[in-house]
Amino acid sequence: MTVQELPGATAYPAWKIRTDPAPLLPDPEPYRVLGTEAAAGLDRELLLRLYDALVHGRRFNTQATALTKQGRLAVYPSSTGQEASEVAAALVLEDRDWLFPSYRDTLAAVARGLDPVEALTLLRGDWHTGYDPRERRIAPLSTPLATQLPHAVGLAHAARLAGDDVVALAMVGDGGTSEGDFHEALNFAAVWRAPVVFLVQNNGFAISVPLAKQTAAPSLAHKAVGYGMPGRLVDGNDAAAMHQVLSEAVRRARTGGGPTLIEAVTYRMEAHTNADDATRYRADAEVEAWRAHDPVRLLERELTGRGLLDEERRGAATEAAESMAADLRGRMNAEPLLDPMDLFAQIYDAPTPQLREQSEQLRAELEAEAGR
Amino acid sequence: MAQALQRAMRDAMAEDPTVHVMGEDVGTLGGVFRVTDGLAREFGEDRCTDTPLAEAGILGAAVGMAMYGLRPVVEMQFDAFAYPAFEQLVSHVSRMRNRTRGALPMPIVVRVPYGGGIGGVEHHSDSSEAYYMATPGLHVVTPATVPDAYGLLREAIASDDPVIFLEPKRLYWSKAEWSPDAPAAVEPIGRAVVRRAGSSATLLTYGPSVPVCLEAAEAARDEGWDLEVVDLRSLVPFDDETVCASVRRTGRAVVVHESAGFGGPGGEIAARVTERCFHHLEAPVLRVAGFDIPYPPPMLERHHLPGVDRVLDAVARLQWEAQS
Ligand SMILES: Cc1ncc(C[n+]2csc(CCOP(=O)(O)OP(=O)(O)O)c2C)c(N)n1
């Protein structure tokens, strides 16, 4: 029996190149819209919607960081500087779509409409998700790197099998692209033609390790071609460009075109988290250079230059953001009430005899404590 | 047994369209042990899927599928090849229900052919149950009989919690009276079963070691020992009740399993029995386990695997009073 006669084998030679790689390759320069000719054709309403979301997002980031200083949040991985890609990721999705965020993407969840207090539940030190992922269509913020990516693939695959035109958008950092799960997820998605959009936010560092020590690839978007999906390189600080490229990828996924890998080139303006000292691995001058390319400022400049943003609109956006921040502060200042007996809830559908015994032990300890 | 497992999946798939089988070579080939034989033909490749060769990807995709309401039954090709999927298992599958306060249960079954005795080359004979047992949020079950293979797998698929389903590969070919058209009801997950009643000592065992213990019990008759054999079936949850009732009755116990003894399931089981039955014990709870070595090459595996003689030696050592 020859190889070709084996069941499952096809007559097509296995070594033959199957796809022309050229259309899959990213452009060498990140895609930009703001400040270019192309910006003239942009929808005014969309730009203003992005602007409101950016101002809101920036304020959310500064407020959450302030809450860590007051001890109200255990930790906050800030996305200041990355708001354009966070916000665009949320805005390109329909209600039925799913978002799979990493631990840095609280803002994407908030921009999707999640109550900021619910979005911060994990980082406050309470039970992991403060929300129902199925109801919100936002997966739990994933702490282990890249492990949420295969989940996005499985969910998108299941949705497609069910005949639902649901798209999953999964977010990961530049460091996360080195993990095995990144590879496995992209490979599965491409083979299954799953309706998934992978958004890599290349913010320069994985904690302290710069991209050059993370990968030798020409760009992270270039990795796509190896899986047989298109790779797109975008200026992650350009909200309009992000929105365009993400929308295109979502549309492609929704209409059966399969997955896309998008690399958003951006910068993390704050330290990795409040526990990190960024001065040990990067120079102030670098941070300052990126400040000139701030996502909020970029869009504001475009809108002002084209006479689309007046003082009134600017004031309304700031005011809305301030009132969100005040409300968040107020509600985060309330001491959360946790029931220790909740430790034994939801381990299994029904507790094992062993867990029942242990919960009785804790109940007795609590009663003794209360009686003291 | 392989046929009973296959039938369990087939019946579950026929009854419930959300049940999906996935893994390496499970489709056209029917799995390297043919346990999924015919499922792709009958239910289509969307319900019995040959995935790319990536264990974390398989289990990770299953997580997403479960989030969307499916009930994935995942096959890991061999025990040692499930290790790449450990992170998904430990960090997500086992705790998704807990971290989402019940919003995302994980009705996933991970089928793992485990254990030795089939002459497999390295990485084809591990007993990895201790790793799974040490992960809260998982059920860990293992059939030793053909009816249990069917019944336990049906239960595992129906469970809303993730179940590690350990298939003793050297029992795949065991033939027993079993009617696929009228499968007998079995005890539910979490219940141990007395496979042989006896009065002078209890052998606590599971999976591939059950037939070994039954044989040992027969042999021990000549020496005047009437051994009870308890098939644990479910390592998590653990059936303290059945186990302790037996040990209290017999006053002596030996735990028998293939996996390494140090840090192995036997230590946990012996400790539980000792804590609960101390005053009934005539001797310490003994363990008969595999050596604390990486699984040896097939030409030496018979020296490693606990056989009837090693079990009988332990039973002899239960005459504690006489010794001390
Ligand atoms: C599997 C895993 N290994 C290590 C860590 C610890 N860790 C948390 S964040 C991080 C850096 C991640 O960098 P990157 O993917 O670029 O994302 P960013 O923080 O820049 O958004 C590391 C090493 C982790 N969370 N998960």
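Which atom of the ligand lies 2.8 Å from a backbone N or O atom of G175(A)? It is an oxygen atom of the ligand that lies at this distance from G175(A), a pair that falls within the cut-off for a polar contact (N or O atoms within 3.5 Å). Taken alone the ligand exposes 590 Å², of which the protein buries 74%, the areas coming from the Shrake-Rupley method with a 1.4 Å probe.

Before going further, note that this is a predicted model, in which local features need pLDDT of at least 70 and side-chain atom pairs count only at pLDDT 80 or more, while totals for chains, interfaces and linings use all residues. Residues are numbered from 1 along each chain as its sequence is written, chains are lettered from A and ligands numbered from 1 in the order in which they are written, and side-chain values use heavy atoms, with hydrogens and water left out.

Stay with the ligand, which lies between chains A and B, and select the 16 residues around it, of which Y103(A), R104(A), G175(A), G176(A) and F205(A) come nearest; a residue is counted here if one of its heavy atoms lies within 4 Å. Now show the side chains of R104(A) and D174(A): a polar atom of the R104(A) side chain lies 2.6 Å from an oxygen atom of the ligand, and one of D174(A) lies 2.9 Å from an oxygen atom of the ligand.

Next, select L59(B), which belongs to the largest nonpolar core, a set of 83 residues where F198(A), L59(B), I108(B) and Y132(B) touch the most other members. Such a core consists of buried Ala, Val, Leu, Ile, Met, Phe, Trp, Tyr and Cys residues joined through side-chain atoms within 4.5 Å. Helix α3 (residues 55-67) of chain B gives the most to this core, with eight residues.

Move on to L261(A) in strand β7 (residues 260-265) of chain A. L261(A) has a relative accessible area of 0% and is therefore buried (under 20%, whereas exposed means over 50% and partly exposed in between).

Finally, visit chain B, where a cis peptide bond with omega of about -5° joins V236(B) and P237(B), and P237(B) is placed in the loop between β10 (234-236) and α9 (240-250).

Note on methods:
A polar contact is a pair of N or O atoms within 3.5 Å; within protein, one must be able to donate a hydrogen and the other to accept it, and residues adjacent in sequence count only if both atoms are side-chain atoms. Buried means under 20% relative accessible area, exposed over 50%, partly exposed in between (1.4 Å probe, protein chains only). Helices (H or I, at least four residues) and strands (E, at least two) are DSSP runs, numbered from the N terminus.
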